[in-house]
Amino acid sequence: MDSNLKKMLEQKARDIRVDIINMLCAAGSGHPGGSLSIADIFSYLYFSGILNIDPADPGKENRDRVVLSKGHACPVLYATLAMKGYFDRSELKTLRKYGSILQGHPDMNKTPGVDISTGSLGQGLSCAVGMALGAKLDKNDIKVFAIVGDGECDEGQIWEAVMSASHYRLDNLIAIVDLNGLQIDGFTKDIMDTSPMAEKWSSFGWKTFEIDGHNYDMIEEAVKKGISVKGKPVCIIARTTKGKGVAFMENICDWHGTAPDKEQKEKAISDINKACL
Amino acid sequence: MINSDIKNLLNSSNGKKIATRAAYGSALAELGEVNEDIVVLDCDLSKSTKTSLFAEKFPERFFNFGVAESNMMSAAAGFATMGKIPFVSTFSVFASKRACDQVSISVAYPGLNVKICATHSGITVGEDGATHQAIEDVAIMRSIPGIKVFSPADATETKKVIEKIIDLKGPCYVRLCRGSVPVIFNDDYEFEIGKGIKIMEGDSATIVAAGFTTHIAIEAAKKLEDEGIEVDLINMASIKPIDENIVVESAKKTGLVVTVEDHNVIGGLGSAVCELLCAKNPARVIRLGVQDKFGTSGDPSVLVSAYGFDSDSIASAVKENLRYK
């Protein structure tokens, strides 16, 4: 990856992470761990130019679609969309509050730039399958990205969707699994072991790439190769660190769904900013 | 006696019986010609739901999801975001219960334009028994915000409902049946969302029926008429939104209402009528249907009698309750 681009994406990811922490602290509840783990991938998707989208026209007909199937990680989506210009950044502090355009889980009718409402795990990938099928039917050459959690892969519906995407040869669908290894009650290997993840998807007929989800060279290579795959859907298994960027949150499952208080917020932001030194 | 205002809308010939699911399949196959946005999704039941009639004509717009109703329902939501008009079919038990959360969160919460047309509703599925007899589907769908619920009584009304919901922007549930029923309406009949239709008229009592039970209720009303008891018989295909006016006005006149549904009496048509009358015009309401128990295997006509909503049971319920007026 071009070094200037990488620098820019790294800075965007830091800004996204800071916004995630700020908005969760203001909300007093929400999900930091799985938002921070996927921040680098969001930075790449929205700021590298890979997506055909237009913040001035969120409903543009031939736009690429992004489905946050792990809907509880919406702080990362909201921070990214605000930064991209879909709505004013000042909205972020209204997260989860009555009347806000930023619901506790993504709502396509309230938040500009959200392509589908999600939150009940397992459903988003199926929605993405429907989008990809619809696009194919119209010979509309768009891409559909679906961000799936590794804990979410416990849901049977995920595998129904995986099977159907392969059956219909949806090469316009790219799933990205945020493999952070944790779910609410503990490590995925202890709660419900979904390994080996890549083998599962590939045995269902998907082309899989395994990457470090915080390494921009690998993210770019996987997404670009993924887009060029023909005849089958693509799954990028992104190994990530839950809570990435905030030392005291990293790999601690209690930070799945706990918001930082003011003191923790300062410490978290200082951690995030240290990463650029 | 037959409502003279609508006499010209009723089928006068004694033609063969048609299942509403068959009328659905035919309607889809016809509408597919004129509306290219229609896509049809099914879960390995297309021969039973009759979506196969569409699939044969428009294979590129028919999507079989295998035995995976949850995935199909959410995928339908995805199709809808792409400007398609997805018709989703499976048995009512699976559409309402297996895929309940998908109906609620993927489809109804965002208000997406998905037409859930489920067949094999009620105990009149018959021999397959309780596992395949949906007796909770109306209750479930009615309680999900934004979902309209329609239960057509015959082949004509089914066709009219399907034509009407094409123009409806938003989700709906259409309750279709396995068994064949007489054709009640002729092609001049027009279905309207939020409207019921009074098929027979009388002052003694009001019978409200929908779907499979309408033709049974007509039989009952004719039996009562032979005994000198004339009733209002309202066909309420639009269960949600319900036609408040027609029910309230009739209840005001007769003072006794009997509802008939092939569904649990909790949460279905009878409940909808009670909710309405409690607020607008309290009246005695007798709810015939499945009395909060599971179905069982058997010939549909035997089951209808055993579960107490055959024409004799309806007529008896009216007669027994006249004394409370």
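Modeller: Please note at the outset that this is a predicted model. The domain assignment divides chain B into domain 1, made of 4-10 + 189-324, and domain 2, which covers 18-181.

Colleague: What distance separates the centres of domain 1 of chain B and domain 2 of chain B?

Modeller: The centres of domain 1 of chain B and domain 2 of chain B are taken over C-alpha atoms. On that basis, the separation is 25 Å.

Colleague: How many residues does each domain of chain B give to the contact, and what area do the two bury between them?

Modeller: Domain 1 of chain B brings 39 residues to the contact and domain 2 of chain B brings 38 residues. Carbon and sulfur atoms account for 62% of the area buried between these domains. That area is about 2,900 Å².

Colleague: Which side chains form a salt bridge with a distance of 2.9 Å, N to O?

Modeller: Across the interface of domain 1 of chain B and domain 2 of chain B, 2 salt bridges are found. A pair counts when the side-chain nitrogen lies within 4 Å of the carboxyl oxygen, so a distance of 2.9 Å qualifies. The side chains are those of B:Glu275 and B:Arg142.

Colleague: Which element gives the most to the side of domain 1 of chain B that touches domain 2 of chain B?

Modeller: Between the two domains, 24 residue pairs are in polar contact, both residues being at pLDDT 80 or more. Elements supplying at least two residues of the domain 1 side include helix 9 (213-226), strand 13 (256-264) and helix 11 (269-280) of chain B. The element that gives the most, with 4 residues, is helix 11 of chain B.

Colleague: Which residue of chain A meets B:Lys84 in a salt bridge?

Modeller: The count between chain B and chain A is 1 salt bridge. The side chain of B:Lys84 takes part at 2.6 Å, N to O, and its partner is A:Asp138.

Colleague: Which element gives the most to the side of chain B that touches chain A?

Modeller: Strand 3 (62-64), helix 4 (69-81) and helix 6 (100-108) of chain B each give two or more residues to that side. With 9 residues, the element that gives the most is helix 4 of chain B.

Conventions:
Residues are numbered from 1 along each chain as its sequence is written. Chains are lettered from A and ligands numbered from 1 in the order in which they are written. This is a predicted model: local features need pLDDT of at least 70, side-chain atom pairs count only at pLDDT 80 or more; totals for chains, interfaces and linings use all residues. Side-chain values use heavy atoms; hydrogens and water are left out. Domain bounds come from an automatic or database domain assignment. Contact means heavy atoms within 4.5 Å. Buried area is the accessible area (1.4 Å probe) that two parts lose on being put together, summed over both. A polar contact is a pair of N or O atoms within 3.5 Å; within protein, one must be able to donate a hydrogen and the other to accept it, and residues adjacent in sequence count only if both atoms are side-chain atoms.
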